Amino acid sequence: MQQLIDSKDNGLIKIVTGLRRVGKSYLLKTLFKEYLLETGIAKSHILIIDLEDRRKKAFRDPDYLLSWLDEQMKEDGQYYIIIDEVQRVGEFEDMLGSLVGMENADVYVTGSNSHFLSNDIATEFRGRGDEIHVWPLTFKEFMTAYEGDFIGGWQEYYTYGGLPKILSIKGDDKKAAYLRNLYRTVYLSDIYERYEIENKAEFEELVRILASSVGSPVNPANLANTFKSVKRLNNITNKTVETYISYLENAYMIEKADRYDIKGRKYIGTTPKYYFKDLGLRNAILSFRQTEENHLMENVIYNEMRYRGFLVDVGNVNIRVKTEEGKWQRVTLEVDFVCNLGSRRYYLQSAYRLPDDDKMQQEKRSLQQIGDSFKKIVIVGERMKLRRDDNGIVLMGIYEFMTDSKLIDA
């Protein structure tokens with residue numbers, strides 16, 4: 001909502017993107033419309049065209065739609081045009097170009113992921129678009145509607161995710177069935193419709209591998225070799241794997257976290273990690289069989305920082321240590337997340353449990369080797385008041401981190 005408000009009347013087409021069923025249409029047609037009315041915009045100056053509605057079929061003709069808009073926009077003052085599923089309009093790029101040229105029109109659109117994927121935004125709008133990405137509900141948002149305590153809400157959130165519909169479905173079986181059906185009939189269908197994939201079984205096997213690899217480095221060449229040795233599929237090359245992964249990224253199902261050499265201040269073009277935009281969807285892909293809380297918590301933290309607007313990478317710290325034989329050897333330590341937003345930077349470590357001092361020191365080791373003044377934080381999978389150690393490393397609980405966005409600056 002705040003992004004929509006900040007982008008209002010900026011002369012660009014506001015393109016609302018995100019996973020299917022994440023609430024893009026509701027955001028525009030209900031919440032943003034309410035905001036406009038509350039700020040004094042006349043109802044007659046808010047024009048909503050829902051192209052999924054069969055009764056609006058005539059509006060799929062671009063000339064009819066533009067003519068209708070001309071008829072409606074007779075009064076002075078700004079008009080706010082909201083077009084849902086804009087890809088249903090023939091030659092919609094030309095049609096939107098005509099709207100941008102109108103001085104009294106502020107335009108907002110959504111589109112289907114089978115025709116309107118993330119890599120389309122740059123090519124179709126050529127600098128005329130302002131992308132506003134909608135994420136699934138954050139844990140804080142989820143808890144405002146969840147009827148229960150933190151422990152139950154946390155388990156529900158990392159199991160069934162943050163798609164808004166989940167909160168109105170009663171019963172574990174029905175929630176699981178909803179997500180499994182959504183994956184097959186909506187998300188997979190979008191990708192198959194767009195890319196005409198022939199090897200559907202192999203594609204779905206790759207999706208399962210990625211879902212089970214949350215928090216682990218992903219190497220396309222190794223995955224291709226696995227298909228060859230285990231599945232006896234020689235036609236699945238590392239290039240095919242990379243292409244399939246790009247389909248999932250473009251459909252907003254997953255995001256890549258690149259690997260960054262912190263001391264060398266450079267990106268390393270190998271073994272990134274992939275995180276799912278919604279954990280309920282990830283778990284449904286695996287039939288809810290792999291729900292290790294440590295990996296899921298890491299995915300939740302990644303999504304939370306991305307939702308807050310940060311660029312998030314996986315950090316490497318290279319150090320030299322002496323072996324028992326007295327020889328020096330190079331060792332690479334990992335920092336779960338390097339988060340950047342403008343001049344702000346945070347190093348985050350996800351630690352599901354810290355049962356003893358040895359585990360505590362293990363989680364802090366990479367942070368202690370960084371050597372700069374940016375804040376270093378260990379997030380623990382329980383409720384915990386914020387505290388600092390002698391080296392300035394901050395410890396905080398997952399509940400506090402997820403529900404208070406200002407806590408990382410405390």
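The structure is a predicted model, in which local features need pLDDT of at least 70 and side-chain atom pairs count only at pLDDT 80 or more, while totals for chains, interfaces and linings use all residues. Residues are numbered from 1 along each chain as its sequence is written, and side-chain values use heavy atoms, with hydrogens and water left out.

**Overall build**

The protein has 15 helices and 13 strands, where helices (H or I, at least four residues) and strands (E, at least two) are DSSP runs numbered from the N terminus. Its radius of gyration, taken over C-alpha atoms, is 24 Å, close to the 22 Å that the globule rule (2.2 Å times the number of residues to the power 0.38) gives for 410 residues, so the protein is as compact as a globular protein of that length. Of the 410 residues, 51% count as buried, that is, under 20% relative accessible area with a 1.4 Å probe and protein chains only.

**The two pockets**

A pocket here is an open set of points, on a 1 Å grid over the protein atoms alone, where a 1.4 Å probe fits, with protein on both sides within 12 Å along at least five of seven lines; lining residues have an atom within 4 Å of a point. A volume is the space filled by probe spheres set on the points, which are joined across faces, edges and corners.

| Largest | about 1400 Å³ | V22, H133, V134, W135 and P136 |

The lining of the largest pocket has 20 nonpolar, eight polar and 17 charged residues, with Ala, Val, Leu, Ile, Met, Phe, Trp, Tyr, Cys and Pro counted as nonpolar, Asp, Glu, Lys and Arg as charged, and the others, Gly among them, as polar. Elements that each supply at least two residues of this lining include α2 (24–38), β5 (129–133) and α13 (293–307).

In the second largest pocket, the lining has three nonpolar, seven polar and eight charged residues, and α14 gives the largest share, five residues.

**R128**

R128 is found in the loop between α5 (118–125) and β5. With a relative accessible area of 26%, R128 is partly exposed, a class that lies between buried and exposed (over 50%). Not counting residues up to four places away in sequence, R128 touches L12, I13, E93 and G97, where contact means heavy atoms within 4.5 Å. R128 and G97 are 31 residues apart in sequence and 8.4 Å apart in space, C-alpha to C-alpha.
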